[in-house]
Amino acid sequence: MNHNDFNNGRRGLLKAGAALGAGAFLPGLAAAQGGAKKFDGVTLNVSTFSAAYPKLLQQWLPEFEALTGTKVNFDAPSFPVYNQRVDLELSTKGAAYDVVNVTFIYSSRWINSGWLTPLDDYIKNPNLTPADFDLNDFLPGARAPETGKDGKLYGVPWTAEALLTASSRFDLVQKAGLAFPDTTDDLVKVLRAVNKKERVAGFVADNHYGWTFVPYLHAFGGDVFRKAPDDLFPTLDTPEAIAAGEYYANLLKEFGPDGAVTYQPDQVTQALKLGRVNFTDAGQLHLAQLGDPATSKTIQTVKFGLIPKGPAGRFPGTAVHGLGIPAGSKKKEAAWAFIQWALSKQTTRRAVAAGYGSPARRSDIDSTEFRQKQVINGSDLAKLSLDSIELASKTGHMKYRTVSVYPQVDQQLNKAIELIATGQLSAKQAFQQAQAQSIAELKRAGLNL
C-alpha cells in the first residue's frame, strides 16, 4: 500500500466515523454530554507477533484512540519472542496484557488452562457488540481452534492461513525448461537446475521448522505423534521421520543462502521480494506481499503453488490466529472494544483493500476486491489457500498442532532441523535426540506415556 492510499483511506474512515458517530463502529462509545468518551484515560497493552495485519492495525491506531479516548501500547515482537513472553505472562494470570494473539500452537494450552477470557457474554450483549459484528461471518474452521472444550469462544480470528510454495524467480525455472514443482522429487530437480543462477539462492524457509517442516514429515509418511489428539506418544525417530528430516535439512544446506537457518518470516518475505532467494514455503499472509507493486521487485516473475506432495501424499500446513483477552486483564471491556474495532467488517475489508492476504471473514474472502488482489502474476493465492484449508479439514492431519503439549515438541523439531542443516548431527542422530527429549518434556508436563 502506498503512502497516498493510506492517507486517503485514513481520511475516508475518519470522515465516515465522524459522520456516523462513534457508535456506528462501537456501541456505547459515542461521546457523553460534555464530550467525555467512555474509555478516556484508559491505557490498553496489546501484543501480537509481527505480521502484516498487526502492522496495518498499528498504522490505524490513532483512529481507535480518537474514537474511544483510549491510549494503546501495541507491541509486536518476532514470533518466538512473542510466544515465550506471553506464555509466561498468561501462566501467572498477570495483568501486563489486555489483548493478546491466541497463537495456534498454544491455543489448546492457553484456553483450556483458563488463562483467557470467554468472549460469549461480550458478543451477546447488544450494548457492547452491534449485530453487524456478525460472528458467523468468521470461517467456522477458523473459530474452531479458538473455542474451548466448554464450547465457548476465546479468540476472534484475524487470519486463516495455509502454507504454500512460492517461486519468486519462476522465469529461471522456465528458462531451464521445467514446470512448477508438484512433488518433493520435482522440487529437488528444479532447485538443482536454478540454484545460484543470476546469484539467486535456491531455497529458504522460516526457521520455525515446527511449522514449515511438518508438511514434509507428513508427505514422507511420518507424523509428530502416534495419533493426535488421543495418543500423544511422539514418533520422531521412525525411518519416515528421519528420511523427511534429511530431505528438508538438505534443501537448506544445499540450496540455502548464507545463514539460512537464521531466517525469520519477515526476512524470508524480504529475500523473495528482492529476488535474492527463489523458492520458499510460507503462509499466504506473507506471500501476498510479493504482489505489492511498491516494494516487490519480483511481482512480474513470481509463481505460487500447493505445498509439494511426497510418497504419502500432500499435507498442507494450516494455521489460525485470533485476538483474545487474558484472564488477568483489568480492562476487559475496553479490550473487547479494541478487538471489535480491529476485526470489524470495516477494518478487515480495509485491510483487504490494502493487500492483506489471509482474512478469516467469509465476506472478505468472497469479495471481488480480495479475489482480484490475490491473483498475482496469474497465480490465484486465495484459491490455493482455500484448497489447502479444505484438504487439511478432510485429512485431519493438523490435529497434532492444537494439542496443549505441541509447543514442547515444536522446539525439538526446530533444533533437529538446525542441527542437521548445519552439519552438527546426522538426521538419524538429530531425530533420535528430538524423540528422547520430546518424551522427557511430555513426561515433565504430566503426560502418562
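**Cavities**

I counted four cavities of 30 Å³ or more. I took a cavity as a set of points, on a 1 Å grid over the protein atoms alone, where a 1.4 Å probe fits but cannot get out. Grid points are joined across faces, edges and corners, and a volume is the space filled by probe spheres set on the points. The model is predicted, so I note its limits: local features need pLDDT of at least 70, side-chain atom pairs count only at pLDDT 80 or more, and totals for chains, interfaces and linings use all residues. Residues are numbered from 1 along each chain as its sequence is written, and side-chain values use heavy atoms, with hydrogens and water left out.

The largest cavity has a volume of about 80 Å³. Its lining (residues with an atom within 4 Å of a point) includes Leu139, Ala160, Gln284, Phe370 and Ile389. Helix H18 gives the largest share of that lining, four residues. I name helices (H or I, at least four residues) and strands (E, at least two) as DSSP runs, numbered from the N terminus.

**Largest pocket**

Next I looked at pockets, each an open set with protein on both sides within 12 Å along at least five of seven lines. The largest pocket has a volume of about 930 Å³. Of its 37 lining residues, Phe104, Gly141, Ala144, Pro145 and Thr402 are the closest to the centre. Which elements each supply at least two residues of the lining? I listed H4 (107–112), H6 (140–143), E4 (156–167), E10 (318–324) and H18 (381–395). H18 provides the largest share here, six residues. The lining of the largest pocket splits into 19 nonpolar, 12 polar and six charged residues.

**Helix pairs**

I fitted axes as lines to C-alpha atoms, for helices over the stretch in contact, with angles from 0 to 180 degrees between N-to-C directions. H8 (184–194) and H11 (239–255) pack at about 10°, axes 11 Å apart. They are therefore roughly parallel; I used under 35 degrees for roughly parallel, over 145 for roughly antiparallel, 65 to 115 for roughly perpendicular and oblique for the rest. Their contact (heavy atoms within 4.5 Å) includes Leu187 and Leu191 of H8 and Leu251 and Phe255 of H11.

H11 also meets H19 (406–421): the axes come within 8 Å and cross at roughly 60°. That makes H11 oblique to H19. Among the contact residues are Tyr248 and Leu252 of H11 and Ile417 and Ile420 of H19. I count six nonpolar, one polar and one charged residue in this contact.

H2 (52–68) and H15 (345–353) pack at about 120°, axes 11 Å apart. They are therefore oblique. Their contact includes Tyr53 and Trp60 of H2 and Arg350 of H15.

**Backbone**

Where is Pro229? I found Pro229 in the loop between E6 (225–227) and E7 (231–234). The Ala228 to Pro229 peptide bond is cis, omega near 0°. Lys93 has a positive phi of about 55° although it is not a glycine. Lys93 sits in the loop between H3 (79–91) and E3 (99–102).

Technical notes
Nonpolar A, V, L, I, M, F, W, Y, C, P; charged D, E, K, R; others polar.
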